[in-house]
Amino acid sequence: MVPGMKVQLLIPPDVRTVRFARPVALLAAVVALISPVASAGSLDACIAGLRKTALSRGISTSTFDAAMKGVEPDPDVIKSFEYQPEFRTPIWDYVAGLVDDERVADGREQMVRWDSVLGEAERAYGVDRHVIVAVWGVESNFGRIQGTRELVRSLTTLVCANKRESFFRGELMATLSILQSGDIAAESLTGSWAGAFGQTQFMPTTYQRLAVDFDGDGKRDVVNSVADALGSTANYLERAGWVTGQPWGYEVRIPENYAGPSGRRTRQSLAQWTALGVRRLEPVQAGGKPQPADSTQAALLLPAGPKGPAFLVFRNFDAIYGYNAAESYALSIAHLSDRLQGAPGFSTPWPTDDPGLSRAERREVQQRLLDRGYDIGAVDGMIGAKSRSAISDFQSSQGLTVDGRAGLRVLNALRTTPVQAKRAPATAQ
Ligand code: CA
């Protein structure tokens, strides 16, 4: 999570909140134009400035010098920062990649394994365990993908290349404090290009404010201790205003041709929404989500417009939103938490004839492209630039709309088109 940046760091690029990449060639051209990271002299000067700041904030010279020893700018970090994809990722792609059967099954397994820790977290912070696990699953695939970039290097690069300098300077100073505390070893302090790290991808300043030692070993280690990470996430959500016992929201039906208010910031009481004809779709069943009182403030979300699924959301949706300021993110976490409790998918389908794909289906798209001789890199379910380029090429060969998007239509075309129609490999630049 990086406040204000709307970048979901460990989520593959194709399902980042925002957009699809522009065609590979153009992207390469843009990257080539990016000004080089600080030259050696200016880097030294930058680090000297950082040293002064760090020492004034109580970082010892030995901590600083050890952390900064041999640090060189990481050009990939700048590329990631500058990345400005062009097309919006449809919400159905975003949700399909984050909330699929695989993640639900993995999450259920983790809930059994970490049952007692989750029970303690619920007691300590009053936050629903399904939401804690959903955050964990989306942020790092249950700890499996925490990011491999050295935090000190990434953050120094961003500061010294003047990228949102004051923001990243604060994160770098927080990282140095973590090192000095000894809570997390230097070799464990790796993460995303922007500095989010650990099982639930805290930024260093967030860690400083909210991480807790939940396994009681005296260290707040959200990288190597699942208990610390889950406890810290519960603490985060509680501080973000979690209301114990209240659902995040639920799916609703709106009247046909509804033209009333909507949007996360437009709140009114549940009674007022009912008066407008908004109706809860999920059954209120024993052991399911409670029905909030009529006076509860709620907002109506129409993430794909009035023809798609609609949701009434309460205070807890905002708590999740606080974790990573994107409604598509919050809805994915919320929905995953419901699926972990056994709920089915949304009742109302997304308004598209070309739905998004699960990670298993994305891997199938990649495998079928590979079978056709396309260079798509590893079959990992992450649709990156190479996969998009290959999809565009395949779409073009089939007379389909060329957008590089891995959707059901492309998958079906790959399934039904004979493999012998092999084309020259699309070489990524
Ligand atoms: Ca601990």
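**A disulfide and a helix pair**

In this predicted model, a disulfide joins Cys-46 to Cys-160, with a distance of 2.0 Å from S to S. A disulfide is a covalent bond between the sulfur atoms of two cysteines. Because Cys-46 belongs to helix α2 (residues 40-56) and Cys-160 to helix α9 (residues 151-160), the pair ties together parts that are 114 residues apart in sequence.

Are the two cysteines buried or exposed? Cys-46 has a relative accessibility of 16% and therefore counts as buried, since buried means under 20% relative accessible area. Cys-160 is buried as well, with a relative accessible area of 9%.

Two packed helices are described by the angle between their axes and the distance between the axes. Helix α8 (residues 129-140) packs with helix α15 (residues 327-340) at an angle of about 120°, and their axes are 8 Å apart; α8 and α15 are therefore oblique to each other. The crossing of α8 and α15 is right-handed.

Which residues of α8 and α15 meet? From α8 come His-130, Val-131, Val-133, Ala-134, Val-135, Val-138 and Glu-139, and from α15 come Tyr-329, Ile-333, Leu-336, Ser-337 and Leu-340.

Terms used
Residues are numbered from 1 along each chain as its sequence is written. This is a predicted model: local features need pLDDT of at least 70, side-chain atom pairs count only at pLDDT 80 or more; totals for chains, interfaces and linings use all residues. Side-chain values use heavy atoms; hydrogens and water are left out. Axes are lines fitted to C-alpha atoms, for helices over the stretch in contact, and angles run from 0 to 180 degrees between N-to-C directions. Helices (H or I, at least four residues) and strands (E, at least two) are DSSP runs, numbered from the N terminus. Angles under 35 degrees count as roughly parallel, over 145 as roughly antiparallel, 65 to 115 as roughly perpendicular and the rest as oblique. A crossing is left-handed if the near helix is turned anticlockwise from the far one by less than a right angle, and right-handed if clockwise. Contact means heavy atoms within 4.5 Å. A disulfide is a pair of cysteine sulfur atoms within 2.5 Å. Buried means under 20% relative accessible area, exposed over 50%, partly exposed in between (1.4 Å probe, protein chains only).
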